[in-house]
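Please open the model in your viewer and keep the sequence panel beside it. The tour below goes from the whole chain to single side chains, one selection at a time.

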Amino acid sequence: MKFYKFISFFILIYTNIILANDYQQEYKIEVLIFKNIQINTQETFKSLLNLPDKDIIKLYDEDNINNVYSNFSNISDFFIGLINDKNDLSQSYPKILFRDDKSLQTLNKLNINILKDKNLELLGSKSWIQTIPKNNESKFLKYDDPENKYTFYLKLYKKRFMHIHLMGYIDDELSIYINEEKRLFNEEIYLFDHPYFGIIVSINEI
């Protein structure tokens, strides 16, 4: 009996989520980050990356023993709202949803090629699934890898067309960074490069 009550409750919540969110399309996002072994530039980098300090969702690895947060980190406020507030669900339902996904599909071949390339060092990869909101509702997704010494902030939003704003740096050096914003298209692969490192991003509608 308890099982059926749980299922009924789950269906009710799921239905209201769909109605409240007016159905947002999900996209599979994949990221590769690599370092150049040989640096072919004499340029000195003195400016520092100005990091965002608000509207950030943190993405954590499941195997991180210090992880006390869920990869659904921005949905917790919604469920708290269900308990504390009986208002319309659309008022508390998050405009953007993230969920972790460990598999590389689109970038898998590039991942293998970078591992084989003696001029490159693969620092890491990450993939997840998310909805893409309007510009004024978008948030940066932050991912930090202390072991391989890289951090990136990635924000996707729609303003007539899809756009991406990517910030990333390596070796804990805020002077060695990428900070780029551009229009992007579904089922495309994008390279964001710096003399010291590069970040590859793919986006595919599910």
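**The whole chain**

Begin with a cartoon of this predicted model and follow the chain along its sequence, where the elements come in the order α-β-β-α-β-α-β-β-β-β-β-β-β. That pattern comprises three helices and 10 strands. If you then switch to a surface view, the chain exposes about 12900 Å², of which carbon and sulfur atoms supply 50%, while buried residues make up 40% of the 206 residues. Among the contacts with a separation of 6 or more, 63% are between residues 24 or more positions apart.

**A network of salt bridges**

Next select Lys28, Glu30 and Asp101, which are linked in a network of salt bridges; a search of the whole structure finds six salt bridges. Lys28 and Glu30 approach each other with their closest N and O atoms 3.4 Å apart, and the side chain of Asp101 meets that of Lys28 at 3.3 Å, N to O. This second pair links distant parts of the chain, since Lys28 lies in strand 1 (residues 26-36) and Asp101 in the loop between strand 3 (98-100) and helix 3 (108-116), 73 residues apart.

For another salt bridge, select Lys182 and Glu180, whose side chains meet at 3.6 Å, N to O. Here Lys182 is partly exposed at 23% relative accessibility, and Glu180 is partly exposed with a relative accessible area of 29%.

Now move to strand 6 (residues 150-159) and select Lys155 within it. Lys155 is buried yet has no salt bridge, because the nearest side chain of opposite charge, Glu181, is 6.0 Å away, and a salt bridge requires a nitrogen within 4 Å of a carboxyl oxygen. Leaving aside neighbours within four places in sequence, Lys155 is in contact with Ser138, Lys139, Phe140, His163, Ile164 and His165.

Then select Lys149, found in the loop between strand 5 (140-145) and strand 6, where its phi is near 60 degrees, a positive value in a residue other than glycine. Lys149 is partly exposed, with a relative accessible area of 42%.

Finish at Arg160, in the loop between strand 6 and strand 7 (161-170). Arg160 also has a positive phi, of about 70 degrees, although it is not a glycine, and at 80% relative accessibility Arg160 counts as exposed.

Conventions
Residues are numbered from 1 along each chain as its sequence is written. Side-chain values use heavy atoms; hydrogens and water are left out. Helices (H or I, at least four residues) and strands (E, at least two) are DSSP runs, numbered from the N terminus. Buried means under 20% relative accessible area, exposed over 50%, partly exposed in between (1.4 Å probe, protein chains only). Lys and Arg count as positive and Asp and Glu as negative; His and the chain ends are not counted. Contact means heavy atoms within 4.5 Å. Accessible areas come from the Shrake-Rupley method with a 1.4 Å probe; for residues, only the protein chains shown count as cover.
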